[in-house]
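Reader: I am new to looking at protein models, and I would like to learn how to read one feature at a time. Could you take me through the one shown here?

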Amino acid sequence: MNARTLTHAATYAGGLALIGYGLSGIVADVPVGRWAAWFAGAAVLHDGVLVPAVLVAGAVTGWIPVAYRRVLRGALLVAACVTAVAIPLVLGYGRRPDVPSQLPLPYGRNLAIVVGVIGAVAVAVLAARMLTRSRRRDAAGGGAHRAVPPPKRERGK
């Protein structure tokens, strides 16, 4: 056994140990009904909301030129992750009226600012790509030109 295989085996063993520890905590501390409801809700949320949203975003961004598609999809992915983490704060889960210092910030506004910054960074990256692409094109001889499609092959040859 080489060092790489040994490292992988140790990593997998550690991961399985952590999974076992987590499962033992769930079995010992969480009633089965609550755990089952949470698990079913997570499955419904994933299959009923998350997957369709990702498919629609992929289909809509499929119309964008390839050079810009990755930046847009990356920005959408980061914004979705930030939003998923911030939703409980924005909706005020855990806020109690008798404890004014609990969740005191305007989380909806802050989420909008963070998503706006993500969008601004994506626009800046796209603008930089457009500028460098036009500079390369000008340096290569100027003028807009299209790639010549490959010749058609005849069947049977």
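Author: What follows is a walk through the model, with the general idea given before each case.

Author: Please keep in mind that this is a predicted model, in which local features need pLDDT of at least 70 and side-chain atom pairs count only at pLDDT 80 or more, while totals for chains, interfaces and linings use all residues. Residues are numbered from 1 along each chain as its sequence is written, and side-chain values use heavy atoms, with hydrogens and water left out.

Reader: How many helices and how many strands does the chain have?

Author: Helices (H or I, at least four residues) and strands (E, at least two) are DSSP runs, numbered from the N terminus. By that reading the chain has four helices and zero strands, and along the sequence the pattern is α-α-α-α.

Reader: What share of the residues in the chain is buried?

Author: A residue is called buried under 20% relative accessible area, exposed over 50%, and partly exposed in between, with a 1.4 Å probe and protein chains only. Here buried residues make up 8% of the 157 residues in the chain. Accessible areas come from the Shrake-Rupley method with a 1.4 Å probe, where for residues only the protein chains shown count as cover. The chain exposes about 13000 Å², and carbon and sulfur atoms supply 70% of that area.

Reader: Which residues form a nonpolar patch on the surface?

Author: Patches are made of residues with over 30% relative accessible area and no salt bridge, where like charges are joined within 9 Å and nonpolar side chains (Val, Leu, Ile, Met, Phe, Trp, Tyr) within 5 Å. In this model Ile87, Val90, Leu91 and Tyr93 form such a patch, with about 370 Å² of accessible area together. Tyrosine 93 lies in the loop between α3 (66–91) and α4 (107–139), and tyrosine 93 counts as exposed because its relative accessibility is 56%.

Reader: How should I read a pair of aromatic rings, and how many such pairs does the structure hold?

Author: A pair of aromatic rings is described by the distance of the centres and the angle of the planes. Rings of Phe, Tyr and Trp (its six-membered ring) pair if their centres lie within 6.5 Å, and planes under 30 degrees apart count as stacked, over 60 as edge-to-face and the rest as tilted. The structure holds one aromatic pair. Tryptophan 35 and phenylalanine 39 form this stacked pair, at 5.3 Å centre to centre and with 15° between the planes. Because these two residues are four residues apart in helix α2 (residues 32–61), tryptophan 35 and phenylalanine 39 are separated by about one helical turn. Tryptophan 35 has 33% relative accessibility, so tryptophan 35 counts as partly exposed.

Reader: Which residue forms a salt bridge with arginine 96?

Author: A salt bridge is a side-chain nitrogen of Lys or Arg within 4 Å of a carboxyl oxygen of Asp or Glu. A search of the whole structure finds one salt bridge. Aspartate 98 forms a salt bridge with arginine 96, and the closest N and O atoms are 3.1 Å apart. Aspartate 98 is exposed, with a relative accessible area of 56%, whereas arginine 96 is partly exposed, at 45%.

Reader: Which residues does valine 82 touch, beyond those up to four places away in sequence?

Author: Contact means heavy atoms within 4.5 Å. Valine 82 lies in helix α3 and, with residues up to four places away left out, touches Leu111, Val114 and Ile118. The C-alpha atoms of valine 82 and leucine 111 are separated by 7.9 Å, although the two residues are 29 residues apart along the chain.

Reader: Where are arginine 69 and threonine 61 found?

Author: Arginine 69 is in helix α3, while threonine 61 is found in helix α2. Apart from neighbours within four places in sequence, arginine 69 is in contact with Thr61, Gly62 and Ile64. The backbone oxygen of glycine 62 lies 3.3 Å from a polar atom of the side chain of arginine 69. Glycine 62 is found in the loop between α2 and α3, and its relative accessible area of 32% makes glycine 62 partly exposed. Threonine 61, by its 3% relative accessibility, counts as buried.

Methods. A polar contact is a pair of N or O atoms within 3.5 Å; within protein, one must be able to donate a hydrogen and the other to accept it, and residues adjacent in sequence count only if both atoms are side-chain atoms.
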